[in-house]
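Colleague: I am new to this structure and would like to learn how its features are read. Could you take me through them one by one?

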Amino acid sequence: MRYIRSMTVGVLTLGALLLGGGNVRAESVLNVGMAAADLGSLDPHRTATTPDKAIIGWMFNGLVRFKPGTMNPESIEPDLAESWDTSPDQLTWTFHLRKGVQCNNGYGELTSDDVVFSLKRAADPKVSSFSSDFADFASIEAMDAYTVTIKLKQRPPSLLGILTNYQGGNIVCKKAVEKLGDDFRTKAVGTGPFAFAEYTPNQSITLVANKNYFRGAPKIDKIVYRYIPSDATRDLAYTSGEIDLIYGRQDQVWAERMKSDPHTVVDVFGPGELSDMNLDITKKPLDDLRVRQAIAYAVNRAELVKFKGALTAREAVSIIPHDYLGTDEHAPLYPYDPEKAKQLLAAAGFANGVTIKAIQTTLPSMLNTMQIVQAQLKKVGIDLQLEVVDHPTFHAQIRKDLSQVVMYAAARLPVADVYLTQFYHSRSIVGTPTAVTNFSHCGMADAEIDGARTATDSAKQKELWKKAQDILVEQVCAVPLYEQLQVWAHRDKLDYGYKLDASLTLGPIVNETSTLK
Amino acid sequence: MTVAPATRETGALARFGTALRRHKMASLGGGIVVLAALSAIFAPWLSPHDPLEQDVLLRLAGPSADFPLGNDSFGRDILSRILWGGRVSLYVSTASVLIAIVLGGAIGILAGYVGGLFDRIVMAAMDVLLSFPTLVMGLLVVAMLGPTVGNLILAITLTAVAPFARIARAPTLTIKERDFIEAGRALGFSNLRIMIVHILPNVIDEILVMASLWLATAIRTEASLSFIGLGVRPPTATWGGMIREGFENILDQPLLAIFPSIAILVVMFGLNMLGDGLRDTSDPRLRHE
Amino acid sequence: MLTYIVKRLLVGVPTLLAVLTVVFFFVRIAPGDPAFIILGDQASPQALAAVRHDLGLDQPMLAQYADFMAMVLRGDLGNSLVTHQSVWGEVAKVLPYTIELTLTALAIGTVLGLPLGVLAARRRNEFIDYAARFLSLLGLSFPAFVSAILLLLAFAIELRWFPVISEARANDPMSRLSALALPAVNLGLIMVAYVMRVARSSMLGVLGEDYIRTARSKGVPAGIVVWRHALRNALIPVVTVVGLYLGVLIGNSVLTEIVFNRPGLGKLIVNALNQRDYTMLEGLMVIYAFFIVIANLLTDLTYGMVDPRVKHQ
């Protein structure tokens with residue numbers, strides 16, 4: 001059948017050559033294999049999952065962007081905005097837009113109208129998942145077709161961070177949103193290097209090069225983003241040559257096997273998703289600091305990294321991830337000391353062991369981790385019972401405050417404030433009206449977190465963030481486990497065109513500099 | 001005067017025995033099933049290691065003297081996990097089929113015996129249950145209620161009840177008109193006693209055949225759900241879950257998927273042979289030849 | 001005859017409505033929140049409430065049920081909670097794939113299973129009978145996902161004859177066929193086992209019947225009689241298999257679709273479960289139930305057509 005097919009292709013190509021007078025360049029198609037059953041949403045203000053974020057990174061721009069391959073808030077560069085000015089109090093920001101940027105799929109030039117519409121949309125809780133990022137915004141206004149002014153109620157820790165090509169900062173085209181309505185979810189329109197072409201539910205999304213891209217036409221003509229949920233099927237499809245860029249299994253064995261193929265490049269990059277084991281300090285027996293400390297002493301972080309693999313995982317340094325603006329890279333974490341753990345348990349009255357219950361997802365990467373932790377805790381007499389439920393149930397139940405221990409893996413905008421607020425500020429405690437993801441019910445660092453938020457002096461700000469981390473670590477609101485890096489692999493014929501160290505979209509950026517030989 | 005004995009009562013059980021003795025296939029199948037059941041029951045004593053004990057250094061290791069079938073991706077002993085996995089299969093399948101037999105049998109006999117509107121309503125409800133394919137029902141129940149042994153049993157029982165109810169109902173309809181039942185009634189025996197003592201033995205034959213086939217279905221369903229990722233919660237060893245894990249690691253260590261696949265294949269084969277043999281001996285049309 | 005069909009179909013309607021009712025309440029009582037899955041883990045409680053309101057999930061359950069039933073009785077299964085597309089539309093997009101797969105598998109099962117069954121019956125207790133029965137038992141015992149993995153490794157990875165991902169564009173028959181091959185063979189080989197068994201036992205049943213004996217006594221060679229009969233009644237084993245084992249067939253097609261990453265109802269349902277897409281689940285369940293009702297009807301009808309002794313009352 002393979003022969004028949006290649007013969008057919010040959011005949012067709014020959015015909016095309018004859019008709020086109022030899023002026024035909026083979027279309028370069030990048031086939032991507034993604035670990036998901038289907039698209040969630042292409043609407044950048046609604047994307048909840050890694051599979052959605054990765055593809056959106058190829059379709060949209062922000063006012064500003066992280067330099068491709070990086071995620072350092074200090075290296076943010078112009079994107080749709082050519083330049084910007086700030087008032088002395090840093091509460092008014094004026095952005096000057098690049099002229100002549102075209103919306104994809106024929107929706108006309110992108111102007112300040114689109115930018116204002118897009119940012120207001122991202123700030124609207126009814127249509128956006130990221131509205132809380134815009135809490136400090138007072139107004140967003142178009143001064144003329146190419147000027148946008150943003151007024152703030154108070155200065156957020158990183159305004160430019162919010163306006164990058166990430167989550168709510170992605171700029172959508174107003175006319176397309178209005179015209180497509182509900183269909184925007186599957187046919188989203190931005191200004192990025194690749195434009196939506198086709199969506200086949202449960203199968204794939206096809207993007208085509210945006211020939212009018214303001215940084216130049218992409219050299220890759222087409223991207224087919226295939227949904228292949230099974231790790232094994234995806235691996236096999238890569239082996240058989242059906243895909244060129246593959247979302248990896250986040251473990252050592254996988255990375256090693258891929259590395260052994262001479263024509264494969266394994267991409268391991270940031271951000272690290274930090275797995276924290278959040279301990280609910282209001283529930284017995286975790287209300288006893290000694291029990292929490294025992295857990296902290298019993299967890300062997302080095303072994304976790306060893307299991308996950310040094311190629312793809314790294315040790316946690318604090319209760320918030322590595323490399324964020326404000327992370328304490330040497331937070332006073334409890335060392336691995338099972339004897340100390342046993343003593344503490346005995347002192348707390350649990351010499352004969354203690355049982356702790358956790359609701360856990362069936363998602364293999366998270367479940368595996370928890371199973372190792374379970375084995376580690378068992379050695380000191382802590383029986384961690386896992387009630388395993390499917391992923392949606394897991395998310396629903398932990399938010400109803402039903403689990404004593406919640407393991408949660410997350411990466412956020414790389415500024416300490418975001419992570420600290422969402423996970424450890426009393427405002428964010430689950431079950432409250434302003435709940436986000438504070439599962440530990442800790443609130444003892446509220447003053448420091450709030451203080452750092454509004455501090456104008458950056459040294460003072462970092463000092464407060466460090467203090468907040470010290471308090472939370474010492475009180476064992478959470479036990480950090482390890483950081484999972486993003487793992488992808490691609491054939492060496494694909495060249496991204498930049499050095500990939502990190503990508504907030506959790507996938508490699510494919511843009512106008514990328515080539516496929 | 002005594003009520004005429006239920007003529008087939010002893011016949012059914014005796015034939016079960018003769019079937020096994022005379023029918024080579026049935027006895028071979030029965031042998032396999034018994035062996036599998038024994039190894040599952042005695043798994044705690046037979047297995048060389050703790051099925052949950054992890055050893056990071058032995059991840060995906062091939063067979064060795066200490067671990068005859070090798071280690072899985074957590075470094076756990078595959079042989080021990082297969083033995084323990086058999087317990088889950090055995091437990092889920094026997095429990096769900098037994099409940100289905102008791103419940104389905106009771107429903108069928110009751111519906112057939114009482115008749116009328118009650119019969120129609122009950123059998124309509126059975127039709128609704130029959131409209132769910134077993135695996136789809138399993139997916140629905142387990143995904144929604146959680147992957148526990150109890151929910152698995154619930155899901156399989158729900159689909160298995162209706163066929164057993166139908167089997168039990170049909171002969172009840174004919175038997176209840178017979179003389180000895182009338183006689184029993186005339187003697188003032190309670191309906192319950194008549195149903196249990198006189199109707200049950202007459203339907204047990206078909207139920208046994210059906211049971212052996214449903215055991216296979218139950219094992220397959222349990223394994224399929226685990227394979228899809230909705231089986232009994234990890235780290236519990238199940239065959240389907242092991243095959244799933246093996247498939248995910250197929251390029252690194254194919255043995256991981258092969259051993260549990262063989263286990264499931266052998267047991268299913270045994271059950272199907274047993275069911276076939278029993279059917280051959282209880283199906284009068286085939287028996288006469 | 002026609003009145004019989006209409007009557008049977010009408011009897012099916014309450015069953016389908018009951019299925020819908022059961023599924024409707026079951027999915028809503030179970031934990032999990034579609035709004036959360038749509039919005040992601042950083043969504044605020046207000047945003048969640050807004051989406052729940054849009055989806056109508058903040059209404060009392062009985063009110064939701066009344067609305068739903070009113071809609072269903074108008075012949076509308078509603079829109080998917082996640083994609084906002086009509087459930088019918090979403091199903092219609094992938095249904096051809098599932099039907100194509102199932103029918104091809106049935107064809108494979110019939111073409112191989114029928115002759116094998118007849119042969120086994122004629123040579124009862126000879127080697128070929130034992131071999132055929134052994135193979136069919138093996139087929140019955142193979143979980144569909146195990147055979148699928150084996151086929152995948154052999155023909156897509158080692159030999160590279162067929163693609164791993166059974167995904168194809170509707171407008172390219174060649175790629176569609178090569179994508180169909182492995183999944184259809186996987187499902188088909190299992191069907192062979194079922195068809196062979198049923199063909200064998202129904203053949204055994206008629207071998208002893210009068211007209212065969214009569215024909216033989218008139219000097220017609222036994223082989224011709226048997227094969228003519230077998231072909232004339234070929235439909236029976238196939239229809240019986242579909243009627244009796246449609247549930248198994250559906251289950252196996254779900255597993256096959258998952259392993260081969262093939263679009264179809266199976267992938268749709270697993271996805272709908274993960275996303276807690278209530279309306280999609282209701283739609284899929286009622287469609288499965290509909291297939292089963294139709295299959296039962298077809299079975300009875302075929303028996304009636306082939307065997308005049310079965311009368312439709």
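This is a predicted model: local features need pLDDT of at least 70, side-chain atom pairs count only at pLDDT 80 or more; totals for chains, interfaces and linings use all residues.

Modeller: Residues are numbered from 1 along each chain as its sequence is written, and chains are lettered from A and ligands numbered from 1 in the order in which they are written.

Colleague: How many helices and strands are there in chain B?

Modeller: Helices (H or I, at least four residues) and strands (E, at least two) are DSSP runs numbered from the N terminus. Chain B has twelve helices and zero strands. A residue is called buried if 20 or more other C-beta atoms, placed from the backbone, lie within 10 Å of its own, and 54% of the 289 residues of chain B count as buried.

Colleague: In what order do the strands of the open sheet in chain A run?

Modeller: In general, strands of a sheet pair through backbone hydrogen bonds, either parallel or antiparallel; here two strands are said to pair if DSSP finds at least two bridges between them. The four strands of this open sheet in chain A follow the order 4-5-7-6, with antiparallel pairing. Strand 4 (81-86) and strand 6 (137-144) of chain A are the edge strands, each pairing on one side only, and the twist from one strand to the next averages 20°; angles run from 0 to 180 degrees between N-to-C directions, along axes fitted to C-alpha atoms, for helices over the stretch in contact. Strand 6 of chain A pairs with strand 7 (residues 147-152) of chain A over six bridges in the antiparallel sense, and I140(A) stands opposite I150(A) in strand 7 of chain A.

Colleague: Which residues does the contact between chain C and chain A take, by number?

Modeller: Two residues are in contact if their C-beta atoms, placed from the backbone, lie within 7 Å. This contact takes 41 residues from chain C and 39 residues from chain A. On the side of chain C that touches chain A, helix 12 of chain C gives the largest share, five residues. By class, that side has 23 nonpolar (Ala, Val, Leu, Ile, Met, Phe, Trp, Tyr, Cys and Pro), eight charged (Asp, Glu, Lys and Arg) and ten polar residues (the others, Gly among them).

Colleague: And how many residues does the contact take from chain A and from chain B?

Modeller: That contact takes 19 residues from chain A and 17 residues from chain B. The side of chain A that touches chain B divides into nine nonpolar, four polar and six charged residues.

How values were computed. A residue is buried if 20 or more other C-beta atoms lie within 10 Å of its own, exposed if 12 or fewer, and partly exposed in between; C-beta atoms are placed from the backbone.
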